[in-house]
Amino acid sequence: MKDEGTSIRRHRISLPPPDEDQFYTVYHFNINIDVVFYGRTFKIYDADTFTKNFLKKIGVKLNPPGRCPEDPYMKIRRETLDRMEPLRPYESYDTLKQFLEYDRKVLRFFCLWDDSASMFGDRRELILHYFLCDDTIEIKEVMPPCSGRDATSLFLRRKKLPKYGPPGVYQPGQITDRAVLNVYRGLTGRPADGYLLDKYKLGKVDQEFYKDSDLFIGTTINVWGRKVLLCDCDNFTKTYYKTKYGIENFTSISCKAPPPPKIERKFPPYNGFGSEEDSLRTCIGLVPTPHQRNFKKFMEKNSYGNISNILRFFAKLITHKRVERDRMFVISYFLSDDTISVFEPIERNSGFTGGMFLKRIRVKKPGQEAFKSELSEYIQAEDLYVGARVNVNGYLFHLLNADEYTLRYMEENSDQFPMSSIELVLQKLKEEQSKSRELKQVFRNADPKLTKRVDYNTFRDIMMTLTVGRLLEHEFITLARHYGVPEDTCPDMNILMAQAHKQLKKNTFENFERLIATCVYEDREKKKVLPTKDIRRLCKSFRLPLTDDLLGSILSGFQDSEEQINYELFFSALNWRMNPMPELQAISFTKERCEDVWLGMPSPIPVKYVDYFRLLKDVFGLVEE
């Protein structure tokens with residue numbers, strides 16, 4: 001076989017004899033003709049499109065295309081191979097192209113073998129590798145930590161995976177790519193010169209192996225009798241299938257096991273010994289442990305400084321006994337641990353000793369079974385509000401009022417206490433839009449002087465009559481506190497002077513005559529008054545032992561409209577020897593009264609006056625006429 005390449009280099013070629021003095025031109029060429037170059041005959045059986053168009057343009061009539069002449073050498077070689085093929089045990093398998101194209105290209109699938117149906121079986125996560133270069137499959141197992149199994153390198157070694165395995169046990173030589181026939185010449189014992197291939201392949205066992213076209217997400221494959229589900233694949237595998245097979249849907253399937261069914265744990269009923277929490281702890285573990293309370297809540301809601309974190313309510317006992325109807329109690333709710341204590345203030349000649357009525361404990365809600373497996377429900381802070389009826393261990397209490405801290409705490413946490421939410425209360429009032437004119441007229445009749453305010457009792461009666469029980473007692477208090485008229489908070493001058501005398505007497509300050517003499521010296525106009533700032537300066541220069549707040553309150557009480565003070569009256573009033581003031585008497589409390597600190601009963605009304613005009617404006621949008 002000769003090497004291919006340029007047979008005749010580019011140059012002008014002369015015509016065959018007898019016209020060797022002339023050269024070939026474009027008009028000598030056509031389709032399906034013979035040309036002679038230097039004694040060799042070449043057959044032109046076809047031409048490309050450009051050549052055909054060019055010849056047509058210059059006027060050459062083209063012949064129809066012919067057949068390519070058969071190479072005599074290749075014909076002889078093919079006939080020889082056909083005669084030799086039955087004599088040689090050889091069949092060519094072209095695997096080099098596939099290897100060169102797909103070497104180091106591997107499809108990876110994430111699989112799941114669910115063996116939970118068998119004894120001691122469970123779900124196993126696998127990784128399948130499909131090698132495109134030779135169509136072999138390798139499977140590795142993802143071994144989770146602390147699984148209890150020995151770590152193995154491979155779940156299935158790299159090989160071709162049959163679709164219908166396990167096929168059984170075959171005899172040696174039964175699984176082969178070709179069948180070779182041994183040829184003998186009778187009984188001479190001399191073997192034949194060659195071997196023959198069995199073209200009919202009688203007795204050959206056909207096996208189907210998994211190809212890349214059989215592997216998709218959601219497909220279940222047979223791995224030697226084990227059903228393996230393909231759940232997901234990597235990005236290269238997705239790109240391969242998208243390019244070759246046009247697949248777009250690669251929705252993955254979760255390999256995680258579904259959560260096991262929750263087994264309801266049943267506990268024995270409470271037997272009455274100890275607390276319910278401690279009894280429950282003995283049923284949870286072999287070694288009983290104490291009940292762990294909410295330490296974070298205890299630290300956040302425990303009393304510190306002037307913040308008590310205690311809700312105090314003034315309550316009345318509801319009973320059929322006439323002698324006990326007038327008994328009053330103080331119910332304290334401790335936010336740190338949800339406990340309740342009940343204290344009865346001591347009242348002389350009442351027939352009751354008073355003192356601690358219920359020590360600090362958690363109180364169960366009424367109507368619960370005493371001996372049961374579940375924990376009991378206890379009274380929470382949300383169950384306590386003004387107007388509520390609370391059952392404390394069989395005693396029914398009616399909450400009449402609350403202290404200032406309790407009301408303020410409930411208003412600051414209105415999401416927990418809806419009765420203290422001004423937005424919710426106003427929303428209820430807006431539902432009475434039809435009574436807006438009537439409500440305005442009633443308030444106007446109650447306020448003949450048009451002061452735009454009424455006292456609390458009148459306000460409560462009017463609102464209770466028109467709302468017909470839609471508002472609770474605590475909601476009336478919320479409205480009154482929000483729209484209440486601020487009171488004058490200036491302290492009594494007698495109290496201020498008593499406090500000043502106490503401090504001056506304690507420090508034995510008696511230099512009042514010099515102070516008056518100094519004021520007379522600075523009073524050039526002899527009006528017996530000096531500006532307030534000069535009096536303050538003189539008090540500081542003489543080191544008057546009074547605090548700035550106390551001194552400022554007393555000065556503001558003595559100054560006139562022009563901010564001037566009569567110094568003789570001022571210092572004469574401070575002279576604790578010449579004008580003594582009675583000392584303040586502190587209220588003494590017995591030990592029983594101090595068990596639960598409540599310094600006196602709260603005021604029966606939250607505010608004295610309520611600005612009803614601002615309320616009507618916010619609720620109904622009424623304006624002043």
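## Salt bridges

D122, R124, E141 and R149 are joined in a network of salt bridges. This is a predicted model, and its salt bridges come to 35. As background, side chains of opposite charge can pair when their charged atoms come close.

Let's look at one pair in detail: R108 and D234 meet through their side chains, with an N to O distance of 3.6 Å. The two are 126 residues apart and link distant parts of the chain, R108 sitting in strand 3 (residues 106-114) and D234 in the loop between strand 10 (226-233) and helix 4 (235-244). R108 is partly exposed at 32% relative accessibility, whereas D234 is buried, at 16%.

## Bridges between helices

R460 and E473 form a salt bridge whose closest N and O atoms are 2.7 Å apart. Here R460 belongs to helix 10 (residues 456-467) and E473 to helix 11 (residues 473-482). R460 is partly exposed, at 22%, and E473 is partly exposed, at 23%.

E522 also pairs with R537, at 3.3 Å between the closest N and O atoms.

## Packing of helices 14 and 15

Helix 14 (residues 532-541) packs against helix 15 (residues 548-558) at about 145°, with the axes 11 Å apart. Among the residues making the contact are I535 and C539 of helix 14 and L551 and L555 of helix 15. Their crossing is right-handed.

## A nonpolar surface patch

On the surface, V26, Y27, F50 and F54 form a nonpolar patch with about 450 Å² of accessible area together. F54 lies in helix 1 (residues 49-57) and is partly exposed, with a relative accessible area of 40%.

Definitions and conventions: Residues are numbered from 1 along each chain as its sequence is written. This is a predicted model: local features need pLDDT of at least 70, side-chain atom pairs count only at pLDDT 80 or more; totals for chains, interfaces and linings use all residues. Side-chain values use heavy atoms; hydrogens and water are left out. Patches are made of residues with over 30% relative accessible area and no salt bridge: like charges are joined within 9 Å, nonpolar side chains (Val, Leu, Ile, Met, Phe, Trp, Tyr) within 5 Å. Accessible areas come from the Shrake-Rupley method with a 1.4 Å probe; for residues, only the protein chains shown count as cover. A salt bridge is a side-chain nitrogen of Lys or Arg within 4 Å of a carboxyl oxygen of Asp or Glu. Helices (H or I, at least four residues) and strands (E, at least two) are DSSP runs, numbered from the N terminus. Buried means under 20% relative accessible area, exposed over 50%, partly exposed in between (1.4 Å probe, protein chains only). Axes are lines fitted to C-alpha atoms, for helices over the stretch in contact, and angles run from 0 to 180 degrees between N-to-C directions. A crossing is left-handed if the near helix is turned anticlockwise from the far one by less than a right angle, and right-handed if clockwise. Contact means heavy atoms within 4.5 Å.
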